[in-house]
Amino acid sequence: MSDLPIPVDVEGPVQAEVFVVWLHDGRIELTGACGSAPWMLEIGATEHPVDVVSRIVRDALGEPIVVHSTSWRRDRDAVILSFVVVIDAALVGTMASAPVGRSDLARSEATAAPREIEHGQVVEHGLRHLAWLVHDDPVVAAELPAVWATVLAGYVPEPFRALG
Amino acid sequence: MTDPAPGLETISTSCACGWTTTGDVDSVVEATADHAIRIHNMPATREQIIERAVRVPAAPTEPGEGAA
């Protein structure tokens, strides 16, 4: 037993970072099991990341509308896979929630990753990715309620892109 | 004052996500293991949890009113 608190924390070479979003009065907010903070998941060696994220979200919150990987980067001594998960407002309950602000994207150099990537930039990229999917992916377009297309119109569509 | 018997002491764990729990060893181990696997897909053994726990000092005993 330690004298100082050592937080239990996700480890391993592949980790998922989940951003759970929902619409609150027509505005995108972040929520989840860890409130508006990134929700970290450990990905086992034999597990598929999308399966893990879908299962954990389903078990902890309820059935998600969309689960989509939107970027990756190197951080926390691991490869971090970022996911945007869209849920219905009915699932939010008492979970903490916060509005999503806008951020500039973390831009890569021609052959190198960005030196620093903030969480807000990962969310911005994820929502731009979702905005692109609404127009390009018939499955996402069919699953997301129509109001999402309106809300996401303010995000510049951008295809999948590695961040780091 | 004597220390509580092993397993009956009060300990506390915290998760990097902000979640915390406090109680006797068995209940803290059970709650922490449940949180780790259910919320973070992270298997955690009893030994790993206890290693990260901190002992919560017992509250000082107030002398009872009217005590001789």
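Two residues are in contact if their C-beta atoms, placed from the backbone, lie within 7 Å. With that in hand, here are some close-ups of this predicted model.

**View 1. Chain A meets chain B.** Here 20 residues of chain A are in contact with 21 residues of chain B. On the chain A side, β3 (39-42) and α1 (49-60) are the elements that give two or more residues, and α1(A) gives the most, with four.

View 2. Val52(A), Val53(A), Ile56(A) and Val57(A) are its buried residues; they lie on the same side of α1(A) because they cover an arc of only 115° around the axis. An α-helix has 3.6 residues a turn, so residues three or four places apart point the same way. The face turned away from the buried side carries the exposed residues Asp51(A), Arg58(A) and Asp59(A).

**View 3. What α1(A) packs against.** The buried residues of the helix pack against four strands of chain A: β1 (14-24), β3, β4 (66-75) and β5 (78-86). Just after α1(A) comes Gly62(A), with a positive phi of about 135°.

**View 4. Inside the largest nonpolar core.** This core has 54 residues, and Val18(A), Phe19(A), Leu41(A), Val53(A), Phe83(A) and Val85(A) have the most contacts inside it. Helix α2 (residues 119-136) of chain A gives the most to the core, with seven residues. Take a look at Val85(A): among the residues it touches are Val18(A), Phe19(A), Val53(A), Val57(A) and Pro64(A).

Note on methods:
Residues numbered from 1 in each chain as written. Chains lettered and ligands numbered in written order. Predicted model: local features only at pLDDT ≥ 70, side-chain atom pairs only at ≥ 80, totals over all residues. Core = buried A, V, L, I, M, F, W, Y, C linked by C-beta atoms within 7 Å. Buried ≥ 20, exposed ≤ 12 C-beta atoms within 10 Å, placed from the backbone. Arc of directions from axis to C-beta.
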